[in-house]
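Look over the sequence and the structure first, then go through the points below.

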Amino acid sequence: MTASLSFLGLPDRLADGHIPCAVIFGARHGSKYPGEDSDGHALAADAIRRASQEDVSNVEHWDFDLGGPLFAGGPICCIDAGDLPTDANDSRGNRNLIEAKTQEILASSAVPLMLGGDDSVVIPFLAGFADVGPIWILQIDAHIDWRDEVQGERYGYSSPMRRASEMTHVAGMVQVGMRSVGSARQEEVDAARQYGSRIVTAREVDAQGIDIALQHIPEGSRVVITLDCDGLDPGIMPGVAARTPGGLTYRQVIDLIAGVGRRAKIIGFDLVELYPPSDVDGLSALTASRLLVNAIGAVVRQN
């Protein structure tokens with residue numbers, strides 16, 4: 001596994017054999033559709049790491065998002081393991097790598113934090129939790145991602161929640177931030193509702209607050225948060241492939257992450273669909289970096 005920079009300057013291992021509370025890893029490629037490439041999304045993990053560098057010297061400073069320093073006054077307990085050696089032309093191999101890495105991190109009692117990549121990397125990431133289920137999923141996204149297949153591909157970026165619904169270790173899901181149009185047709189919406197997915201639109205969150213989503217997550221449950229960058233409003237997250245007005249705010253998203261940590265237990269987190277070629281002055285990468293900081297902070301505080 002390789003990375004040119006580590007997130008926040010974090011080490012790739014802890015001293016004296018200490019077990020980390022969380023492990024960051026990058027997954028540049030997943031399963032692509034015929035005639036498409038994932039080159040733009042493959043730049044995301046490095047862009048997020050670069051954006052974090054300005055805060056390398058501030059890791060022990062007070063973070064007002066978290067109500068204290070990142071590691072709550074304790075020692076650093078998160079590492080950056082670099083990127084998996086994915087191959088844009090080996091979808092099956094990529095899925096195997098991501099699932100195996102997720103299983104490896106969980107087996108060490110750490111929380112896996114994956115940086116994509118497009119949304120296809122989420123499928124093997126979620127599959128990697130089979131031995132620690134049952135789990136709930138909190139998806140933050142503009143789209144429900146419930147297509148069964150696109151151009152014959154069943155593991156692409158339009159299908160992660162559909163594939164997750166077929167995983168026996170997934171007990172339920174809450175999908176937050178939906179708005180406008182995307183790949184979903186009536187049949188996908190019907191299938192999601194028939195499964196029992198709790199779909200909470202961005203408009204509902206704006207009108208009623210984040211508790212409209214959090215109330216569906218059982219207290220004490222184990223939760224994987226999957227965060228598609230286009231779930232946020234493009235005014236603060238322009239660097240996505242499908243800009244959709246009316247998205248969630250930064251504060252709403254970090255409050256969702258913190259809310260899960262207080263109500264339940266975060267056992268996994270991924271951040272996907274950052275598209276650096278569309279970014280504006282590095283704003284999206286910076287926002288994504290801060291979202292990952294908040295995820296780490298929530299994990300530290302729940303432990």
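## Overview

Buried residues account for 58% of the 303 residues in the protein chain. The model is a predicted one.

**Overall build**

- The protein chain contains nine helices and eight strands.
- Of the contacts in the protein chain with a separation of 6 or more, 80% are between residues 24 or more positions apart.
- The protein chain has an accessible surface of about 12,400 Å², and carbon and sulfur atoms make up 48% of that surface.

**Helix α2**

- Helix α2 covers residues 91-107, which is 17 residues.
- From its first C-alpha to its last, α2 reaches 24 Å, close to the 24 Å expected at 1.5 Å a residue.
- The buried residues of α2 are Ser91, Gly93, Asn94, Arg95, Ile98, Lys101, Thr102, Ile105 and Leu106.
- An α-helix has 3.6 residues a turn, so residues three or four places apart point the same way.
- The elements that the buried residues of α2 pack against are the strands β1 (22-27), β2, β3 (111-116) and β8 (265-272), together with helix α3 (122-127).
- After α2 comes Ser109, which has a positive phi, near 70 degrees.

**Helix α8**

- Helix α8 is made of 14 residues, 250-263.
- The span of α8 from first to last C-alpha is 20 Å, close to the 20 Å expected at 1.5 Å a residue.
- Buried positions in α8 are Tyr250, Gln252, Val253, Ile254, Leu256, Ile257, Gly259, Val260 and Gly261.

**Salt bridges**

- The count of salt bridges in the model is 17.
- One of them joins the side chains of Asp12 and Arg13, with an N to O distance of 3.3 Å. Asp12 is partly exposed at a relative accessible area of 46%, and Arg13 is exposed at 60%.
- Another pairs Asp65 with Arg290, whose closest N and O atoms are 2.8 Å apart. This pair links distant parts of the chain, 225 residues apart: Asp65 sits in the loop between α1 (44-52) and β2, while Arg290 belongs to helix α9 (residues 283-302).
- Within that pair, Asp65 is partly exposed, with a relative accessible area of 33%. Arg290 has a relative accessible area of 19% and counts as buried, because the limit for buried is under 20%.
- Glu188 and Arg185 also form a salt bridge, and their closest N and O atoms lie 2.8 Å apart. Glu188 is buried, with a relative accessible area of 2%, whereas Arg185 is partly exposed at 40% relative accessibility.
- Through shared partners, salt bridges join Arg28, Asp46, Arg49, Asp80 and Asp83 into one network.

- Asp83 is part of strand β2, which covers residues 78-83.
- Is Asp83 buried or exposed? Asp83 is buried, and its relative accessible area is 2%.
- Its side chain makes a polar contact of 2.7 Å with the side chain of Arg28.
- The side chains of Asp83 and Arg49 are joined by a polar contact of 2.9 Å.

**Glu166, a loop residue**

- Glu166 is located in the loop between α4 (160-165) and β5 (170-178).
- With a relative accessible area of 44%, Glu166 is partly exposed.
- Which residues does Glu166 touch, not counting residues up to four places away in sequence? Glu166 touches Asp148 and Arg154.
- A polar contact of 2.9 Å runs from the side chain of Glu166 to the side chain of Arg163.
- Glu166 and Tyr195 are 29 residues apart along the chain, and their C-alpha atoms are separated by 9.5 Å.

Definitions and conventions. Residues are numbered from 1 along each chain as its sequence is written. Side-chain values use heavy atoms; hydrogens and water are left out. Helices (H or I, at least four residues) and strands (E, at least two) are DSSP runs, numbered from the N terminus. Buried means under 20% relative accessible area, exposed over 50%, partly exposed in between (1.4 Å probe, protein chains only). A polar contact is a pair of N or O atoms within 3.5 Å; within protein, one must be able to donate a hydrogen and the other to accept it, and residues adjacent in sequence count only if both atoms are side-chain atoms. A salt bridge is a side-chain nitrogen of Lys or Arg within 4 Å of a carboxyl oxygen of Asp or Glu. Contact means heavy atoms within 4.5 Å. Accessible areas come from the Shrake-Rupley method with a 1.4 Å probe; for residues, only the protein chains shown count as cover. The expected span of a helix is 1.5 Å times one less than its number of residues.
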